[in-house]
Amino acid sequence: MPQSGDISTTVAVVAADDAVRDAAVAALESDTSLAVSTPEGDGARAARAGVERGAVCVVCGPEAGQYDAVRELDRTRPVVVVDPGGDQIAGDLLDRVLEDQSAAYVADDEHTSRLVRSRVRDFVERERDEVGWHLADLSGEAIVSFDLDTYALREANETFFDHWALDPPAIGDATLADLRETDITHELRGRGRGEPGEEDLEWLREGGPVETFVQGALNGDFERREWHCTGVDGAFKSEVEIVADRSAGIGYLVATVPDDAAADRTEDYDEGAMLRSLVEHVPMSVYFKDDRSRHVLVSEGVVEPFIESPEGKILQTPEDVHGKTDFDLYEASHAEAAVDDDRQVVESGEPIRGRIERASPPNGRDLFFQTTKAPWYDESGRLRGTVGVTVDVTEQKHRERELDRQNDRLEEFASILSHDLRNPLNVAQGRLERYRQTGDESDLDAVAEMHDRMASLVEDVLTLAREGHQIEGAERVEADEVATRAWATVDTGTATLEQEWAYPIEADPDRLGRLFENVFRNAVEHGGADVTVRVGTLDDEPGFYVEDDGTGIEIDSPEEVFERGVSASEGGTGFGLAIVREIAETHRWSVAAVQDDSAAGARFEFTGVTRAE
C-alpha cells in the first residue's frame with residue numbers, strides 16, 4: 001500500500017528494456033536533488049515495489065503492465081512512460097497516459113534524457129509544493145505566498161482564510177499590501193524602540209512598508225513586524241515575517257493569528273493585555289511609579305524620542321527607565337516638582353488634574369505638557385503608588401497664544417482706525433473747509449501733508465498685518481547675507497555696516513530681511529548719515545543683536561520704542577520698531593532694547609533664536 005504522508009524525493013525506474021532503464025537512470029542521476037532506485041523483479045512487480053517504498057515518481061517503459069500496476073495502488077502517483085522509438089506503446093495505453101494529469105509520455109529518441117529529467121522534475125516540484133501546503137495547513141500560523149517582484153498573492157493555507165477577510169477566489173487580485181491596514185513597526189522605524197533586529201535595520205529607510213519588508217528578507221535580514229489587520233471577525237494584531245525564495249521568485253508571509261479559544265471568552269477580558277495595549281500603542285506618556293517614586297511600568301511615549309539623563313546617558317526604551325526616579329532622568333528642579341506631586345497624591349489620595357508644565361529648550365520654541373496623576377491601588381485595595389498620564393499640548397498652547405495675539409492686533413487695528421487715522425483726517429477736513437472760505441492755498445498744502453501721513457499709516461498697518469501671520473516653516477539662513485541685501489535696500493547715505501556672525505540661524509529669510517530694513521532705517525534716521533551699524537551673534541545664548549553708535553534711545557523707557565505710534569522723530573508714524581517686534585514674535589523670538597551707560601547708540605537684542613548647525 002502507498003505510504004501516507006511520505007515526502008521522499010526517490011524516483012523509481014522500472015523498465016523491461018535494459019537500454020530504456022539505463023538511459024533513464026543516467027538522466028536522473030545527473031540531478032543531485034533526486035535519489036534513483038531500480039526495484040528488482042519483472043516490470044509490474046518492480047513498479048508496485050517502487051510505489052510501496054514511497055517513490056515520489058515512477059519512470060517505466062511502454063509496457064501496459066507497469067503503468068497499470070502503479071495505478072492499481074495509487075491513482076495520483078506521478079508516472080513517466082518512456083517510449084524511445086515512439087512506436088512500442090499500445091494505442092489504448094497511450095490514450096490513458098495522455099488523459100492522466102499525473103502522467104507524462106516521452107517518445108523522442110534524440111532528447112529522451114533531457115525530457116525524462118524535465119518531466120520528473122516538474123512532478124517532484126509539484127509534489128513538494130502540495131506537501132508544503134499540507135504542512136502549512138497543519139501549522140497554527142497563517143501562511144501566504146506572493147510574487148517577489150509584483151507582491152501579488154498566489155496561494156494561502158486554511159488558517160489564513162479562517163482569519164483574513166479575503167475569500168479564496170479573490171486572492172489572485174490582492175497584493176501583500178492588502179493584508180494589513182497599518183504596518184505598526186514600519187511607523188516606528190528609526191525611533192530607537194529596541195525592536196528585535198532594529199539596530200541592523202536603521203539604514204533601510206527608502207521605500208514604503210511593503211518594499212522595505214521584502215527587501216530586508218531578500219537581503220537576509222531577520223525582521224518580525226507587527227501589523228494591524230482586518231479580519232473575518234474584526235480587526236486584530238499579527239506578528240509577521242517573510243521567508244524569500246529568490247531562485248523561485250516567491251516569498252512567503254508567515255503570520256500569527258488570534259487565539260480563537262481566548263476570543264470566545266468575550267466576558268472575561270484580559271486586563272493585562274488591555275494595559276499592554278495602553279502602554280504600547282496609545283501615543284502619550286503613561287507611567288506607574290511605586291510609593292518611592294520609582295518607575296515600574298512606562299509607555300513608549302515616555303521615552304519618545306529619548307531621555308538624556310543629567311549625567312548625559314541616553315535612555316531610549318521603557319526598560320531603560322524601570323527602577324529609576326525622576327532625579328535619575330531629569331534636571332533637579334523638574335524632578336523635585338514631580339516627586340512632590342507624587343508625594344501629594346500618595347498622602348492625600350486626591351488626583352492632580354490637568355497641570356500644565358512648560359519646558360524651554362536651549363534651541364527652539366517652548367514646549368507645553370499637561371499632566372494628570374492619580375493613586376494606584378492593587379487588587380486588595382492597598383495603595384502601591386501613582387499612575388500618571390502626560391500629553392503634549394504644545395500645539396494647542398501655541399494656537400491659544402496665536403489667537404490671543406490676533407485678538408490684540410484686532411483691537412490695535414481698531415484703535416488705529418479710531419485714533420491714528422481719524423486725527424489727520426479731521427485736520428485735512430478742517431483745512432479743506434477753511435480753504436473754501438479763505439482761498440488760502442497753504443491750507444491745501446496741509447491737506448496734502450495729512451493725506452501723505454494717512455497713506456504712510458495705511459501702508460504700515462498693512463505691513464503690520466502681513467508680518468503678524470504665524471510662520472509656517474523656518475529654514476537655515478546665513479543672516480549676514482540677508483542683512484547685506486537689506487542694507488542695500490535702505491537709503492543709508494554714508495553710514496557703515498559691520499557684521500560678525502558665529503553661526504547661521506533658523507528664520508523666514510523674507511521677514512528677517514524686513515526686520516533688518518526697519519532697524520537699519522531707524523538707526524540712520526536717529527543716528528545720522530555717518531552712523532555705524534553693527535550686527536552679529538550673541539555670546540551668552542543663541543540670538544543676535546543690531547546696534548549703532550548714534551545718539552541712543554531718546555525715550556525714558558526703552559521698551560516703549562516697540563509700541564505702536566511711539567516715535568522720537570518728527571513726522572514718524574511710530575510703526576517701524578512695532579513691525580520689528582511683530583516679526584520677532586512670529587518667529588517666537590524675544591526682542592529687547594538694551595541701554596548701556598558706557599556706550600552710545602541704540603542696541604536691540606533678539607533671543608530665543610534657534611541655531612541652524
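Visitor: Okay, where is V116 placed?

Guide: V116 is in helix 5, residues 112-138. Helices here are DSSP runs of H or I with at least four residues, strands are runs of E with at least two, and both are numbered from the N terminus. Before we go on, this is a predicted model: local features need pLDDT of at least 70, side-chain atom pairs count only at pLDDT 80 or more, and totals for chains, interfaces and linings use all residues. Residues are numbered from 1 along each chain as its sequence is written, and side-chain values use heavy atoms, with hydrogens and water left out.

Visitor: Got it. Is V116 buried or exposed?

Guide: V116 is buried, with a relative accessible area of 1%. Buried means under 20% relative accessible area, exposed means over 50%, and partly exposed is in between, using a 1.4 Å probe and protein chains only.

Visitor: And how far apart are V116 and V25?

Guide: In sequence they are 91 residues apart, and in space V116 and V25 are 9.7 Å apart, C-alpha to C-alpha.

Visitor: Let's switch to strands. Why is strand 22 called largely enclosed?

Guide: Because five of its six residues (532-537) are buried, strand 22 is largely enclosed by the rest of the structure.

Visitor: Which way do strand 20 and strand 22 run?

Guide: Strand 20 (residues 496-500) and strand 22 run parallel, joined by five bridges. Two strands pair if DSSP finds at least two bridges between them. Q499 stands opposite V535 of strand 22.

Visitor: What about strand 22 and strand 23, parallel or antiparallel?

Guide: Antiparallel, with five bridges joining strand 22 to strand 23, residues 543-548. G536 has Y545 in strand 23 as its bridge partner. Strand 22 and strand 23 form a hairpin, with five residues between them.

Visitor: New topic: how many salt bridges does the structure hold?

Guide: There are 23. A salt bridge is a side-chain nitrogen of Lys or Arg within 4 Å of a carboxyl oxygen of Asp or Glu. One of them joins E241 and R224, whose closest N and O atoms are 2.6 Å apart. E241 lies in strand 10 (residues 234-245) and R224 in the loop between helix 9 (209-218) and strand 9 (225-231), so the pair ties together parts that are 17 residues apart in sequence.

Visitor: What does R355 form a salt bridge with?

Guide: With D341, and the closest N and O atoms are 2.4 Å apart. That pair links distant parts of the chain, 14 residues apart: R355 is in strand 16 (residues 352-359) and D341 in helix 14 (residues 332-348). R355 is partly exposed at 34%, whereas D341 counts as buried at 9%.

Visitor: Last one: which residues form the negative surface patch?

Guide: D440, E441, D445, E449 and D452 form a negative surface patch. Patches are made of residues with over 30% relative accessible area and no salt bridge, with like charges joined within 9 Å and nonpolar side chains (Val, Leu, Ile, Met, Phe, Trp, Tyr) within 5 Å. E441 is in the loop between helix 16 (422-438) and helix 17 (442-467), and it counts as exposed at 55% relative accessibility.

Terms used. Accessible areas come from the Shrake-Rupley method with a 1.4 Å probe; for residues, only the protein chains shown count as cover. Lys and Arg count as positive and Asp and Glu as negative; His and the chain ends are not counted. The place of a charge is taken as NZ of Lys, CZ of Arg, CG of Asp or CD of Glu.
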